[in-house]
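This report describes a structure with attention to how its parts meet. Look at the sequence and the model first, then read on.

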Amino acid sequence: MNSEDPRQAQLDTRLSRLLGGLDAEAGFEERVMQRVAKLAAAAPREDLRAQFERRRDLLRRRLRREAWMNGITILGLGACASALLWRYASEIQKLGTDSIPLIDPGLLIGSTLAAVGAALWFLIRRSRE
Amino acid sequence: MPADDAIIALIQGGRAGEAFERLMPAYRRRVFGLAYSLLRDRGAAEDVAQEAFVKLWQALPRYDGRAQLSTWIYAITRNAAISAMRKRRRLVSMTDPVVLEEVECRSAMPSTEPEDVALWRQVEALPDKQRQAVTLYYQEQRPVEEAAAMMGLPVNTVKTHLHRARASLATALRIAGMEST
């Protein structure tokens, strides 16, 4: 951009002299570092809070997803059981009427209680997780 | 730029703090010059340059090297300056523009020599892009390519702005010289 024309060259020199000293005030870098230090001091607290919120959000999403999956599984199992009952209703009825008198009532009550207990134990354990 | 390579190596090595300490002295004048060329006010340019460096400090660990470091820094500075200009425009609408321009002109003038003052006024009277190109080019006698990168414009466009600005200034100063004699 330098010119052969002496007038232009003089203009270049004057512009360089005029604008060449353009710089921030003394102590600029110290002032920036002070601002940065203030931000850095506040940053760990912000980080922890953000981390906590991020984790809580992830947990909420996971639980919501699991609740959906559990619902779908229960519905599916229920539907299968209903279909089987529907399909084999007469056989089940016949088996029931034939075999129940043969089963020991104590054993029947015991196994029913054991099944209910196992289900309760499973539910309590899930609710504590 | 070798200094940029060292800074990038530090960022990639997870030493953003050290990178920032090297970056600030290397880019202080350029960032300030760019802010000043857009805002035409030393105080406002200083505020914007500080703001730009704080933003750079926050963003430095996320710098991925896709853009050149200098281009990235200039983009952050330009955005900070544009935000400041928007805020100022809202203030200007509540202030007498003639008084404000006079205050800005005085606060910006780097010299009180009559010759310099005349030249300064001519530079200030240039269209925005021409004034910006002149400020950035003559601030450090930097290559036109770098002034173009700072302005975010093609090199040839900046060359044209510079050429027109120099012609206007030469004519204006010749006329002023003839009037004073």
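## The interface

The contact between the chains (heavy atoms within 4.5 Å) draws 28 residues from chain A and 39 residues from chain B. The size of an interface is often given as the accessible area lost when the parts come together. Chain A and chain B bury about 3400 Å² between them, and 62% of that lies on carbon and sulfur atoms; buried area here is the accessible area (1.4 Å probe) that two parts lose on being put together, summed over both.

This is a predicted model, in which local features need pLDDT of at least 70 and side-chain atom pairs count only at pLDDT 80 or more, while totals for chains, interfaces and linings use all residues. Residues are numbered from 1 along each chain as its sequence is written, chains are lettered from A and ligands numbered from 1 in the order in which they are written, and side-chain values use heavy atoms, with hydrogens and water left out.

## Salt bridges between the chains

Six salt bridges cross the interface of chain A and chain B; a salt bridge is a side-chain nitrogen of Lys or Arg within 4 Å of a carboxyl oxygen of Asp or Glu. In one of them, R35(A) meets E51(B) at 2.8 Å, N to O. R35(A) is partly exposed at 30% relative accessibility, and E51(B) is partly exposed at 29% (buried means under 20% relative accessible area, exposed over 50%, partly exposed in between, with a 1.4 Å probe and protein chains only).

Over all chains, the count comes to 15 salt bridges. R35(A) lies in helix α2 of chain A and E51(B) in helix α3 (residues 42-59) of chain B, so the pair joins two chains. Helices are DSSP runs (H or I, at least four residues), numbered from the N terminus. D23(A), E29(A) and R28(B) are linked in a network of salt bridges.

## Salt bridges within chain B

E146(B) and R30(B) form a salt bridge of 2.9 Å, N to O. E146(B) belongs to helix α8 (residues 144-151) and R30(B) to helix α2 (residues 16-39) of chain B, so the pair ties together parts that are 116 residues apart in sequence. Both E146(B) and R30(B) are buried.

R131(B) also forms a salt bridge, with D128(B), where the closest N and O atoms are 3.1 Å apart. These two residues, R131(B) and D128(B), are three residues apart in helix α7 of chain B, separated by about one helical turn. R131(B) is buried at 4% relative accessibility, whereas D128(B) is exposed at 52%.
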